[in-house]
Amino acid sequence: MNSFLRKILGFFIVGIGMVILLFSCQATPVTQSQPTTTTPAATPTETPTTTPTPANFPPVASVNSEATLPAQLPPLPYAASALEKAIDAQTMQLHHDRHHAAYVNNLNEAIKQSPDLQNRSVESLLRDLNSVPENIRTTVRNNGGGHLNHTIFWQIMSPNGGGQPTGAIAGEINKTFGSFEGFRKQFNSAGGDRFGSGWVWLVRNPQGQLQIVSTPNQDSPIMDGNYPIMGNDVWEHAYYLRYQNRRAEYLDNWWNVVNWEEVNRRSQVSGQRS
Ligand code: MN3
């Protein structure tokens, strides 16, 4: 009798246990199904990876990297006297050691109190000047532009430069401007027409085409979405010691030192914009 009651109780407990087990087994797939539905929900967060345009811009300061901050004066890649075919040693020295150095120092001074700006590149500041506090915006524009423009300028000249363009750019120049001579004429006339101080550039525009543009002061072509392939400095400080007021003569002679190898490299990178 006692053992019979125990057996019944035993069955009863096992029965309850099985019911609980059954319910818990059914419950698990329900809770497990929740993470599965959140996985596809995570995909939309991957879509914004195609970020705004600036991120798609290839490096500008050099082919491999952007100009980091705090800014640093890059050494001349040749002796100051190496470009005598176009620019005298004293002009090169003053231009690099004083003028470019001043842009670097002024830029660093302006962003000294802004760690968030120091974490960005010079290019990123120039592409989005509105993100720079208004009280230092003009200083960053002038000196950040000055730093970037001159960094490019030293690289696209060489003691072994000059002559006819080589590489892929030669063909593209012919296709776009008719001939190298036609291109040179247009480039020089844009440089001559720039009133006051500024630059003349060969850029790749957002449509992917070669274009000659001129910028005032130290404005960089990247401020307009253009990629600077090569540029000549038409500030008086770039030529006045040797050429005085004869800017046209300086523009003509400058072609004797153009580093076509570097221009080709920059042109190739400029086409990689997506
Ligand atoms: Mn200059």
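Mentor: Helices here are DSSP runs of H or I with at least four residues, and strands are runs of E with at least two, both numbered from the N terminus. Counted that way, the protein in this predicted model has 10 helices and three strands. Along the sequence their order is α-α-α-α-α-α-α-β-β-β-α-α-α.

The part to look at is the pairing of helix 2 with helix 5. Two packed helices are described by the angle between their axes and the distance between the axes. Helix 2 covers residues 89-110 and helix 5 covers residues 134-155; their axes come within 8 Å and cross at roughly 140°. Angles over 145 degrees would count as roughly antiparallel, and 65 to 115 as roughly perpendicular. Helix 2 and helix 5 are therefore oblique to each other. The crossing of helix 2 past helix 5 is left-handed.

On the side of helix 2, the contact is made by His100, Tyr103, Val104, Asn106, Leu107 and Ala110. Helix 5 meets them with Ile136, Thr139, Val140, Asn143, Gly144, Gly146, His147 and His150. Sorted by type, the residues of this contact are six nonpolar and eight polar, with no charged ones.

Notes: Residues numbered from 1 in each chain as written. Predicted model: local features only at pLDDT ≥ 70, side-chain atom pairs only at ≥ 80, totals over all residues. Axes fitted to C-alpha atoms, helices over the stretch in contact; angles between N-to-C directions. Parallel < 35°, antiparallel > 145°, perpendicular 65-115°, else oblique. Left-handed = near helix turned anticlockwise from the far one by under 90°. Contact = placed C-beta atoms within 7 Å. Nonpolar A, V, L, I, M, F, W, Y, C, P; charged D, E, K, R; others polar.
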